[in-house]
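Hello,

Here is the structure I promised to pass on. Please have a look at it first, and then read my notes below.

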Amino acid sequence: MFPPLNPAGALKDGKPPDETDNANYFCEYAFLYHQMDMLEDEHRTGAYFNAITWNPESFKDKVVLDVGAGTCILSMFAAKAGAKEVFAVEATDMAVRSRKLVQAQGLSHIIKVLQGTVETVTLPSMVDVIISEWMGYFLLRESMLDSVLIARDRFLKPGGALFPSHATLFLAPVGSAKACREKQQTFDGERQHFDNFNCTMMQYYGTDFSCMQEEFLEEQRKYYLQTGMFVNLAPKQLAGSGSPVLEIDLSTITLQDLKDSAKPLRCCMRISRDSQLEGFTGYFNVTFRGSTQNPVKEVVELTTAPTTKTATHWGQQLFGFFPPLQAKNEDVLECQLFIKRQKKNHRLLQLDSAFELCRESNGKRFVCQKREDTWYVD
C-alpha cells in the first residue's frame with residue numbers, strides 16, 4: 001500500500017531504495033558527474049526547457065510533481081514558467097544538493113524537495129502536471145517509467161498532463177557497422193584464447209579445461225555478440241528508414257501493459273538499397289503535447305535518431321546479425337519482438353526476436369532468410 005495524501009499540508013520524505021536496487025541503479029545518480037553528463041546534453045535539457053518555457057499556460061498557477069528530480073533542473077523550469085508549487089522527489093542524496101541549488105536560485109518558496117522514492121513519499125494534494133526524465137537506453141532500460149505511472153495513478157488529477165506525454169520506440173536496419181565486425185573479430189579471438197589457455201594448463205599444471213570450452217564460449221557470445229552496443233550512428237549507415245515498434249501514451253498505458261512480455265511487438269522495415277545487413281538499431285522519440293484537457297500550444301519533440309549533428313547522451317543501441325543478412329533494395333525486414341526484463345535485474349532488458357527477410361519476385365512474396373536471436377540491454 002502507498003502512503004495516503006496528507007491534506008493537512010505536511011510533506012513527508014519517503015524511504016530510500018532498497019540496498020540491491022540502490023547498488024544496481026540509483027547510486028550513480030547521486031554523483032554530480034553523472035548529473036552533469038545529462039545536463040550537458042543540449043538535446044535533452046533543451047527539449048525540456050522549450051517544452052516547459054514555451055508553454056507557460058500549461059504551468060501557470062499549477063501544482064507540479066517532478067519524479068526523479070536529480071538537480072531539480074526541471075522543477076526550476078516549471079517554477080520559472082509560473083507553477084505555484086513544485087514537489088521535487090529524488091530518491092538519492094542528490095536531494096541534499098538540489099535543495100542547495102533551489103535555494104541559490106531563490107525558488108525555495110515554490111520548490112519543495114523530498115528525498116525518497118516516489119512510491120513512498122507523502123504529498124498534501126493532487127497535482128496538475130507531472131514532469132520526469134525517465135527514459136533509458138532502448139527507451140525502457142532502467143524501468144523508471146514504472147515509477148512515473150505509479151506517481152500518475154497516485155497523484156495526478158483527472159485530465160492532468162504528463163511531460164513528456166508520448167513516447168515511440170523505433171527499429172531500423174543497419175548496413176555498415178564497424179562495431180559489429182569488431183565484436184565478431186574479438187569473439188573469434190576468444191576461441192583461440194581458450195585453446196591457448198587450455199594448453200598452458202595442461203603443460204604446466206596437468207589440468208584439462210576442455211570440458212569448460214562451451215561454457216566459456218557461451219559467456220563470451222553473450223558478452224560480445226548478444227549484448228546491445230552503445231553507438232552514435234549516422235543516417236548513411238542505415239539500410240532503410242526507422243519503423244515504430246512501440247508507441248506509448250503515458251496518460252493511458254498501465255503498469256501491466258508495460259510488464260506484459262507475453263505480447264509480441266511487430267514492425268516492418270523496408271530496405272532502401274542492396275545491402276549487407278550487419279544488424280539493427282533501436283532509438284526513441286518523446287513528445288510533449290500536454291493532455292486533452294490541458295494541451296500545449298507549442299509541441300516539442302526530443303529524438304535520439306541517428307544524426308550527423310551532435311548526438312544525445314542516449315545514442316542508439318546496436319544489435320548485430322552474426323552472420324549478416326544479404327538484402328536487396330525493396331526487401332522488407334519483418335520483426336517480431338518480445339521486450340522482457342532480465343530476471344537478475346529488472347531494470348535491464350532481454351529482447352527475444354524473430355526476423356524474416358522478405359522479397360517479392362514475379363508478383364509473389366517469399367521469405368529468403370530467417371533468424372531468431374536473444375539480445376540483452378545491460
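Predicted model: local features only at pLDDT ≥ 70, side-chain atom pairs only at ≥ 80, totals over all residues.

Residues are numbered from 1 along each chain as its sequence is written, and side-chain values use heavy atoms, with hydrogens and water left out.

**Aromatic pairs**

The structure holds 24 aromatic pairs. Rings of Phe, Tyr and Trp (its six-membered ring) pair if their centres lie within 6.5 Å; planes under 30 degrees apart are stacked, over 60 edge-to-face, and the rest tilted. One of them is F138 with F319, an edge-to-face pair at 5.6 Å centre to centre and 80° between the planes. F138 sits in the loop between strand 4 and helix 6 (145-155), while F319 is in strand 12 (residues 316-327), so this pair ties together parts that are 181 residues apart in sequence. Both F138 and F319 are buried.

F284 and W314 also form an edge-to-face pair, with 5.3 Å centre to centre and 80° between the planes. Since F284 belongs to strand 10 (residues 275-290) and W314 to the loop between strand 11 (295-303) and strand 12, the pair ties together parts that are 30 residues apart in sequence. Ring pairs also link F138, F280, F319, F321, F355 and W375 into a cluster.

**Cores**

F138 turns up again in the largest nonpolar core, which has 93 residues; L65, I111 and F138 have the most contacts inside it. Such a core is a set of buried Ala, Val, Leu, Ile, Met, Phe, Trp, Tyr and Cys residues joined through side-chain atoms within 4.5 Å. Another core, of 18 residues, lies apart from it, and includes C180, F187, V231 and F322. Leaving out residues up to four places away in sequence, F138 touches L169, L171, G282, Q317, F319, L337, I339, L349, L351 and V377; contact means heavy atoms within 4.5 Å.

The chain has 9 helices and 15 strands. Helices (H or I, at least four residues) and strands (E, at least two) are DSSP runs, numbered from the N terminus.

Which order do the strands of the parallel sheet follow? This open sheet of 5 strands runs 3-2-1-4-5. Its edge strands are strand 3 (111-115) and strand 5 (156-163), each pairing on one side only. Two strands pair if DSSP finds at least two bridges between them. Strand 1 (residues 63-67) and strand 2 (residues 85-90) pair in the parallel sense over 5 bridges, and V89 in strand 2 is the bridge partner of V67. Helix 6 packs on this sheet, touching strand 1, strand 4 and strand 5, and its direction makes about 150° with that of strand 5. Axes are lines fitted to C-alpha atoms, for helices over the stretch in contact, and angles run from 0 to 180 degrees between N-to-C directions.

V129 lies in strand 4 (residues 127-132), and it counts as buried because its relative accessibility is 0%.

Strand 9 and strand 13 (residues 332-341) pair over 6 bridges, and R270 has V332 in strand 13 as its bridge partner.

**UniProt records**

UniProt, in an unreviewed entry, places "domain: Methyltransferase" at residues 64-160. That span is 31% helix and 27% strand. The annotation "domain: Protein arginine N-methyltransferase", also from an unreviewed entry, covers residues 203-355, where the chain is 13% helix and 46% strand. UniProt positions are in the numbering used here, feature names are shortened, and annotations may be inferred rather than shown by experiment.

Best wishes

Methods: Buried < 20%, exposed > 50% of the residue type's maximum accessible area, 1.4 Å probe, protein only.
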